[in-house]
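Let's walk through this protein together, one question at a time. Keep the viewer open and look up each residue as we go.

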Amino acid sequence: METDNGTTTTDDPTDSGRSASSRPVGLTLLSGAIAAATVLPLYWLFDTAFRASKPVQLGDPTTWLGVLDPLSLLLEPASIQVLTNSVLLVVCVTAASVLISVPLAYLTVRTDLPFRRFFTIAVMLPLVIPSYIGAFAFVSVFSPKGQVQSLLAPLGVEELPGIYGLEGTVLVLTLYTYPYVYITSRAALKTLDTSLVDAARTLRHSRWEAFKRVVVPQIRPAVAAGSLLTALYTLSDFGTPQIMRYHVFTRIIYTRWADSAEFVSVLSLQLLAVTVLILAVESRVRGDDTLHSSRGGQAASRVRLGRWRWPVLAFPLAVVGLALVVPIGTLGMWLLRGSATGSGVPFELEYVANSIDVSLAAALIATLAGIPVAYLSARYDTRLGDLFERVTYVGYAVPGVVMGLALVFLGINLFPDLYLTLPLLIFAYVVRFLPQSVGSTRASFLQVNPALPEAARTLGRSSVGAFRAVTLPLAAPGLLGGAALVFLTTMKELPATLMLQPHGYKTLVTYIWQMQEDGYYGDAAVPALVLVAISALSIFVIISQEGYDVK
């Protein structure tokens, strides 16, 4: 059959222009089953929440008083306070991340900043440090009786202002989430049509007016995309608010889930509602305008900072110092000093092996599960294909503590033999991070010319044979990059691991968390440094596969 552009199509499954009647039924059913598996746990969450009908006395651990009722709980003062805290935290962290990231991206792309290539990568590296490791490092250094106070004690400083609460939580989460906005903003600035900026300057606009009128509209979708990741991470993070003693949804859900399933399921639905609101706001902020550039920003002359060239260096240095030097230096100090008192739980290499094993398993399964979903969406123009691809993103949007809770309900009620076993834990990882594999894999499939597997079909290959011989090798870098990203995030995942780990099964994150809760920071140094090192290797794999340009 001849298409509009004059090419001839065959019955090859790689041809996205085929009629709906010849769509691959098997591939569609497989993709649908995978998509359904990602949302199945949420059914038990809704079911448990709406079965909450009898009063339950909750006690006082987090100032929750009164009785439990799904509707009245929404209007409880404590419920409103936690909702306010969570929203305030998301707004503050997202705003702070934008204020840090956009100037950093501009400095590293458009100016003659000294050591520009170094800072291009350095300001992205906080992604390798889990926020909870940064949190207890900051508590150790800046708490009222921390390391800084001990250094200032000879000067008469008996106690520093508290780092706990909203301020400390915003500081730590901002330092470890701003790279999401930085990466997307930098990518947008590199493809910016700088001739428009030059035109604005010729119209006698100041540099700031040109930036506001020309640059901001073009990078706004990218900033919104990065801000969405930052906001979702902030809303779903459990470790940092727990360490910083700040009452948000994730902390309350985790600390109370064993007391009342109905109670925490209602809170989880409130948290999901806030997640949906964030997605809606991001879609509105991003806008529908599509802006195209005639040439990339890298071809343009860089803005000369002049006498500000060296003073402005203090900004990226301060960010790198706080986000990287403080936690790495603190861990190194703990390592050199050793633990003052033994914890009674010695660190074993088995914990490293356990972390790597479950992360590799999750990465492999997520990659295999992502292939049919990504291929159907990329190669076949069907509503079902698009729907299944979007459904897989639900697990990523759902906070880890909520997904962990949903799988606890699922395991207890439907699969009791799998509860607190490795298969259920790995399933939680796959559901949470499958979109990372699907997104990377789909992008790689879109870059493969459909004519190539079609040519293999004409040489006698079957559909599966052409896919294996042609499409899969060409898309391999994207699959490897997605697998590395799943591996990285699985290694750092905390709440789902704590809620679903088998009895006696320890990983790096669970050992680190136990030492942090027991106050044995020295014992947490080695596993924390190992976790950071493995995360750094994963980041470099992702960078190498995606060809990240630091010029």
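Q: Which residues touch the most other members of the largest nonpolar core?
A: In this predicted model, a nonpolar core is a set of buried Ala, Val, Leu, Ile, Met, Phe, Trp, Tyr and Cys residues joined through side-chain atoms within 4.5 Å. Buried means under 20% relative accessible area, exposed over 50%, and partly exposed in between, using a 1.4 Å probe and protein chains only. Of the 138 residues in the largest core, the ones touching the most other members are Leu45, Ile133, Phe136 and Ile253.

Q: Which helix gives the most to this core?
A: Helices here are DSSP runs (H or I, at least four residues), strands are E runs of at least two, and both are numbered from the N terminus. With 13 residues, the top contributor to the core is helix H13 (residues 349-379).

Q: What is Leu45 in contact with, leaving aside its neighbours within four places in sequence?
A: Contact means heavy atoms within 4.5 Å. Leaving those neighbours aside, the partners of Leu45 are Ser265, Ser268, Leu269, Leu272, Val402, Leu405, Ala406 and Phe409.

Q: How should the numbering and the values be read?
A: Residues are numbered from 1 along each chain as its sequence is written, and side-chain values use heavy atoms, with hydrogens and water left out. As the model is predicted, local features need pLDDT of at least 70 and side-chain atom pairs count only at pLDDT 80 or more, while totals for chains, interfaces and linings use all residues.

Q: How many helices and strands does the protein chain have?
A: The chain has 551 residues, and 54% of them count as buried. Its tally is 22 helices and zero strands.

Q: Is Thr177 buried or exposed?
A: Thr177 is found in helix H6 (residues 166-190). Leaving aside neighbours within four places in sequence, Thr177 is in contact with Val93, Ser97, Thr230, Tyr233 and Thr234. Its relative accessible area is 0%, so Thr177 is buried.

Q: How many salt bridges does a search of the whole structure find?
A: A salt bridge is a side-chain nitrogen of Lys or Arg within 4 Å of a carboxyl oxygen of Asp or Glu. One of them joins Asp112 and Arg309, with the closest N and O atoms 3.5 Å apart. The search finds two.

Q: How many residues apart are Asp112 and Arg309?
A: Asp112 sits in the loop between helix H2 (77-110) and helix H3 (116-122). Arg309 sits in the loop between helix H11 (261-286) and helix H12 (314-337). The pair links distant parts of the chain, and the separation is 197 residues.

Q: Why does the pair of Glu493 and Arg432 tie together parts of the chain?
A: The side chains of Glu493 and Arg432 meet in a salt bridge (3.7 Å, N to O). Glu493 lies in the loop between helix H19 (463-492) and helix H20 (495-500), while Arg432 lies in helix H17 (residues 422-446), so the parts they tie together are 61 residues apart in sequence.

Q: Which element has the lowest mean pLDDT?
A: pLDDT is the predictor's confidence in each residue, from 0 to 100. The mean for the protein chain is 78, and pLDDT stays under 50 over residues 1-21. Where pLDDT is low, the predicted coordinates should not be read in detail. Among the elements, the lowest mean pLDDT (56) belongs to helix H7 (residues 194-202).
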